[in-house]
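Subject: Structure handover and findings

Dear colleague,

Please find below the structure that I am handing over to you. My notes on what was found in it follow directly after.

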Amino acid sequence: MREEILGFFRDIWPESYHIEDVPFILGYKGEEIQAYFSVLHELEEEGCIRIKDGEYGSYQKTQDTKLIGIYKASKKGFGFVIPAEGNLPDVFIPNGCAGTAMHDDEVEYIIKRKGTSERNAEGIIRRVVTRNTTRVVGIFERLPKSGFVTPHNERLGEDIYIPLEATMEARSGATVVVELTAWPEEHRKAEGRIVEIVGDSSTPDLDILSVMATFDLPKEFPKDVQEEARKISFTVTDEAYRLDLRHQQMITIDGEDAKDLDDAVHAKVLDNGNIELGVHIADVSHYVPAGSIIDQEAYRRGTSVYLVDRVIPMLPVELSNGICSLQAKEDRYAMSCVMEVTPQGKVLHYTIKPSIIHITRRCSYKEIYLALEENIIPDDLSPLMGMVRTLETLAYQLMKMRQQAGAISFEFPEYKVLLDATGIPQRIVRKDRTIAEKLIEQCMLLANETVATFLSERLDTSIYRIHEEPKDTKLEQLITVLHHSGYPVKLPSKVEPKHIEELLQSIIGTEIEPVVQIMVLRSMQQAKYSSEHIGHFGLASNTYTHFTSPIRRYPDLMVHRLLRYVLGGKPKRLAPIADEAYLTHSASHCSEREQIATEAERETLDMKKVQYMAQYVGESFEGHVISITAFGLFIELDNGVDGLVPYNLMDDDHYVFDEPHYMAYGRRTGKEYRLGTPVTVTLIKADTELRQIDFVIGEVKYIDGYLRRGQSREESLSKPKKGSKKNYKKHKEEKRKRRDSQSHDIIETTETTKAVEQMLRKLDTKKKTAFYETIHKKSHRKQGKKQRKR
């Protein structure tokens, strides 16, 4: 039946036919008709047949190889497909060519125009393979008999229809969470039901709560998890299998407001001149057995999320801020990695074992920096300064060793938005990495490598932190940009980490340095978790994992369990935690959760930056170009805030984006804007709802004219021009009415009859011949009946 149905539509291609007539043409009766519609639905899902308006079916020519990818929409209507095959470039999907696909859907697409070195390939989405958007956050609008939700995420496109019985009595203007029950089709909006009312304009922290709802971040732990957490014993007792290191002086070094203290360190110079470095990590695996209620919730979360005004912990506070946190003057269970390191930074011997520790003192990054760089030392830190300076010496040596190995070092400043008690931004502060942060970082890196080596030598499969080589196409673009910026560089065909690091070192101190660092970072692939042992490109490390933060990262907790499994002689009862399928699936899940956390953190930070800048509309700032697009320049200010300068608001010339050279130039004056170009800009808009910032070049006293021009531009993009689209629709409607008023039967006025006749002549059954004769007689009737739309 499948081949017969497909053959029918193939034979009449490119014409279409009413799907309810086809089973009678093919002679189907009774249950065969029901089976026909099931097969037809399968063929539509596979993209073999297209059904228009739910009535007319037509054959869809397919490519030999199906092209699958993830569709990324833009708020302007166009989008891109990221191919499932990682080595293929993104495919541009023009406005109107996405079909019914929504942002983040998995789709099948075809290539309509091949790409070149200067532009992406262009394609059309044939069908949606998997719907990946199931929840939407937006603003509800109530109507007399129904309602609509406008998504916060403009890339999701049109609003969502909500039946009146599915509104949860939400009021107009409320921010709600919608669970989709039907996805968009031709001439039909998506449909859903409201499952949560986040709040309205009177709700405190509504902006943050909306972001949490968007990324489906939990507000609190389930009751059963809280109950289990309250039952955990806070008593630390001696255990024979643990190293007792309570006699050893050790410190923690963290931010001043940190509460989940994962790690402690100690260091001392040995008699042979080597350094003993101890990295002691909270033994979370002792308190959270695999498969427990707390563990299941921790796995779902995957990681702690650090939003601009709060922390969403992976573990309940009884653990994360309590018994697992390495508090000073308290006994704690730990997993210790004690290494003997040469003055050159090489690990000669190491011991990994559960332990009991006692933290001598808690230190902050700020006071360690002041002690080492300014010699400002508190009295109670003075006895520990010998150990701190040993750690400093070792850190510098490890950094030198990594630089020689080719590890890529980025020096990006971090920015923190300080809020008042009500969540209103007060100021933005820059946080630079000092020797205090680098000291701890080097200790953690060495411990992670040592643990990864230990597990890789004893297990067939483990959890690793990997970073793949950068894509050639992005590196080529980087080299082109540098050449046209006056920095000619060359990279070998086989790029190693040291080549990237040499490039970064060559532009230190230049105006293009911060931008090149961003471009290099963008050319890199994203680090992720994997059960495959392929190394970490950015760190120039052959074997690497995450061991040092089990309070806030689930993969680290998995690594601790694998250590217990190996150290315990690989007992059968613990074998499931080392199962390859489990590790592979968990690595993928944790990578996804990490990405969600990163996006949510960035979203809340950007939101508060826009809110902070709203008070400075009309003021001028210094900045530099960090990105160039087809519609404008992105400028970053000295306080880390970035925004757009649209080309249509640049009055001195008509600017064009030169994509191959990654620059913008004026057609009349030839004035150029490149990455890193310093500029003076005036802030003309800080839209807190859309979270967008707009600038204009130069110091401008009166911004009203620019605002009107920007608004008219947005309206022109969203509305049809007068006398064009509107008139076209009117003409099309009149043409349709004239066509419908004709008395000719459709079978007589198209080529479909000939195609059907040719196909049915091949059929040699009386049933089908009888039906053919009926159609043949109809073709000679000339009654005033309306045609069916083709």
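Two strands are taken to pair if DSSP finds at least two bridges between them. Please bear in mind throughout that this is a predicted model.

Overall picture

The chain has 790 residues, and buried residues make up 46% of them. Its secondary structure comes to 21 helices and 34 strands. Among the contacts with a separation of 6 or more, 66% are between residues 24 or more positions apart.

The sheet of β1, β2 and β3

How many strands does the open sheet with the order β1-β3-β2 have? There are 3 strands in this sheet, and their pairing is antiparallel. Strands β1 (17–18) and β2 (49–52) form the edges, each pairing on one side only.

On one side, β1 pairs with β3 (residues 56–59) in the antiparallel sense over 2 bridges. Tyr17 has Gly57 in β3 as its bridge partner. On the other pairing, β2 and β3 run antiparallel and are joined by 4 bridges, and Lys52 stands opposite Tyr56 in β3. The hairpin of β2 and β3 has 3 residues between the strands, and Asp53 takes a positive phi there, near 55°.

In a regular strand the side chains alternate between the two faces of the sheet. Which residues cover the two faces of β3? Tyr56 and Ser58 lie on one side, Gly57 and Tyr59 lie on the other, and all of them are buried, so that both faces are covered by the cut-off of under 20% relative accessible area. Helix α1 (residues 2–12) lies across β1, β2 and β3, and runs at about 80° to β3.

Helix α4 and its surroundings

Helix α4 (residues 206–214) is mostly covered, with 7 of its 9 residues buried. The buried residues are Leu206, Ile208, Leu209, Ser210, Val211, Met212 and Ala213. They pack against the strands β9 (135–142), β12 (175–182), β13 (191–199) and β19 (311–312), and also against helix α16. After the helix comes Asp216, whose phi is positive, near 55°.

Helix α4 (residues 206–214) meets helix α16 (residues 580–613) at an angle of about 155°, and their axes are 10 Å apart. Angles over 145 degrees count as roughly antiparallel, and α4 is therefore roughly antiparallel to α16. The crossing of α4 past α16 is right-handed.

Which residues make this contact? From α4 come Asp207, Ile208 and Val211, and from α16 come Ala600, Glu603, Thr604, Met607, Lys608 and Gln611. The residues of the contact divide into 4 nonpolar, 2 polar and 3 charged. An α-helix has 3.6 residues a turn, so residues three or four places apart point the same way.

The sheet of β30, β31 and β32

A further open sheet of 3 strands has the order β30-β31-β32, again with antiparallel pairing. Its edge strands are β30 (655–658) and β32 (672–673), each of which pairs on one side only. Strand β31 (residues 663–666) pairs with β30 in the antiparallel sense over 4 bridges. Within this pairing, the bridge partner of Phe657 is Ala664 in β31.

With kind regards

Notes:
Residues numbered from 1 in each chain as written. Predicted model: local features only at pLDDT ≥ 70, side-chain atom pairs only at ≥ 80, totals over all residues. Heavy atoms only, no water. Contact = heavy atoms within 4.5 Å. Axes fitted to C-alpha atoms, helices over the stretch in contact; angles between N-to-C directions. Parallel < 35°, antiparallel > 145°, perpendicular 65-115°, else oblique. Left-handed = near helix turned anticlockwise from the far one by under 90°. Nonpolar A, V, L, I, M, F, W, Y, C, P; charged D, E, K, R; others polar. Buried < 20%, exposed > 50% of the residue type's maximum accessible area, 1.4 Å probe, protein only.
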